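Dear colleague,

Please find below the structure for your review. My notes on selected parts of it follow directly after.

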Amino acid sequence: MEKCSGKSVQGGVAAARLRFLRPVGQQTDVPAGTPEQELARLEQALRKAAEQQNALYEQTAAEAGEEVAQVFSIHAMMLEDECFTGPIRDRVRAGESCACAVRASARELAAQFAAMEDEYMRERSADVEDIAQELLAALAGDRPAEAAQAEPFIAAAEDLTPSQTVRLDKKLLRGIVTRGGSSNSHTAILARSLGLPALVQCPGVGPDWDGRMAVLDADEGTLTPDPGPAELAAAREKAERAARQARELEQLRGLPNTTRDGRTVEVYANIGGTDELELASDQDAGGVGLFRSEFLYLHSGDYPTEEEQFAAYRAALEHFAPRRVVVRTCDIGADKTVDYMGLAKEENPALGLRAVRLCLSRPQFFKTQLRALARASAFGSLSVMFPMIISAAEVRRCKELLAECCRELKAEKVPVGPIELGVMIETPAAALCADELAEEVDFFSIGTNDLTQYTCALDRQNAALEPFSDPHHPAVLRLIEMTVQAGHRHGCWVGICGELGADLTLTETFLKMGVDEFSVNPVSILPLRGAIRRSSAR
Ligand code: PEP
Ligand code: MG
């Protein structure tokens, strides 16, 4: 059998026997009695399944917290909801067995959810399937086999339901792999909250893997069956090392980002979309320091509408309220292109019509995003920043367009909240003109990825330039320091949202420069907090 790959939703390594779990409640089908008898069985099973979901809520709330447990109280409510139970009762009255009626009605309802536009609603089809399986198990007096494991194991399944996931023996469970699933699925959320390595979308695993030893390397996104003794020993050592480090990092959860000499800074998360919100808060982010809004454009086959954008920004703001969420306006162009925009081919796209330049040359397009942002501002603490700025005139033009949108919305009686404004400092021009830019905004966020590329004239996409690149180039560090000083002279806070912010060898240098905020990949948050707490800012 070959090593197979999947999408990692929680990193880590596990070496254990693999158990391929069958779906609950698909095993038995009791022949139909009279409709009256079947209805009585159904009512009893509905009550039993709801009681079990309430018990799972209590268990999960104790193990992983109330937020993660919510799903089970929703399930219990669905088991009492006419939308779910009505069609089942109708089918039973018409002569179908309870099991057939549950399967058919659940299939229909799950398909309705799966066809919905909204990603969150689409995910709910998994909830319908989950409660249907639980109801089938209650009807059959069936209890899932996964409770009875005797040795450490990796759970694999077609798509593990939340109810199955929480029933797994956590003392023995070492990892999770599903053939389906997504980074938003409950399996993923639960795996993250339990800190277990997990892969979704791993179609290579199947029932024929059941009982075999396997190495799950969720850092690499692979599952290897039948490992040799050396492979097994290496995986176990890696797992132990990772567990030790994870325990150390866990101690940092909830602690302030305060240096040894008493300076406290902010540590926020960089995210590419609403599907990363959960991960960011799981990793204890103090807010979002960079929401790369262009992913809304890249994931879409056509211009995302104002409504679609509003829904995404609102979700992020509500998720983190009252904490800050910094949304960067659309940074399309250079390496991030989409066909529907019909962008002209350029000789030097990295120096071309990208980011704010593209937005300012298409004001109606830009205003769709600015209106969506202004509407979302009523739902949390919104900061908006403009990318690839090189002059104060550009910032003023962006502000005029935003003000125009706010005026229009007010005339439409749509509420608009306060909006903090900032610019990305990612061109040498912006760093050198930081004093002028600071007059226009409330904050700076330094994009070290592009700042390095433009300062050192090194194409960040070109791997052949690796030997010539120095990520700690003194020119870049000097521009960062100048930016911080200029920002502070004018009362702006200054953050770093490029990759250099997560480089722990530079943390103390940045703190001594006076950097106020670091925005990093969610998994870098706790290690960075550790580095800040070991550093001195003077
Ligand atoms: C940067 O340039 O440092 C940055 C954060 O933006 P991106 O990597 O998205 O260009
Ligand atoms: Mg950039």
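A residue is called buried here when its relative accessible area is under 20%, and exposed when that area is over 50%. Please bear in mind throughout that this is a predicted model.

Helix α17

With that cut-off, the buried residues of α17 are T448, N449, D450, L451, T452, Q453, Y454 and C456. Helix α17 spans residues 448-456, and because 8 of its 9 residues are buried, the rest of the structure largely encloses it. The cover over these buried residues includes the strands β10 (288-292), β13 (419-425), β14 (443-446) and β15 (493-496), together with the helices α15 (428-432) and α18 (474-489). Just after α17, A457 adopts a positive phi of about 55°.

Which residues come nearest to ligand 1? Of the 14 residues around this ligand, they are R292, R328, G447, N449 and R460. By class, the shell consists of 7 charged, 4 polar and 3 nonpolar residues. Helix α17 supplies the largest share, 3 residues.

Several distances may be of use to you. A side-chain N or O atom of R328 lies 2.7 Å from an oxygen atom of ligand 1. For N449, a backbone N or O atom is 2.7 Å from an oxygen atom of the ligand. A polar backbone atom of D450 is 3.0 Å from an oxygen atom of ligand 1. Taken alone, ligand 1 exposes 290 Å², of which the protein buries 98%. Two elements, β10 and α17, each give two or more residues to the shell around the ligand.

Residue D331

Leaving aside neighbours within four places in sequence, D331 is in contact with E294, K336, R354, A355, P387 and M388.

Yours sincerely

Terms used
Residues are numbered from 1 along each chain as its sequence is written. Chains are lettered from A and ligands numbered from 1 in the order in which they are written. This is a predicted model: local features need pLDDT of at least 70, side-chain atom pairs count only at pLDDT 80 or more; totals for chains, interfaces and linings use all residues. Side-chain values use heavy atoms; hydrogens and water are left out. Buried means under 20% relative accessible area, exposed over 50%, partly exposed in between (1.4 Å probe, protein chains only). Helices (H or I, at least four residues) and strands (E, at least two) are DSSP runs, numbered from the N terminus. Contact means heavy atoms within 4.5 Å. A residue is near a molecule or strand if one of its heavy atoms lies within 4 Å of it. A polar contact is a pair of N or O atoms within 3.5 Å; within protein, one must be able to donate a hydrogen and the other to accept it, and residues adjacent in sequence count only if both atoms are side-chain atoms. Accessible areas come from the Shrake-Rupley method with a 1.4 Å probe; for residues, only the protein chains shown count as cover. Ala, Val, Leu, Ile, Met, Phe, Trp, Tyr, Cys and Pro count as nonpolar, Asp, Glu, Lys and Arg as charged, and the others, Gly among them, as polar.
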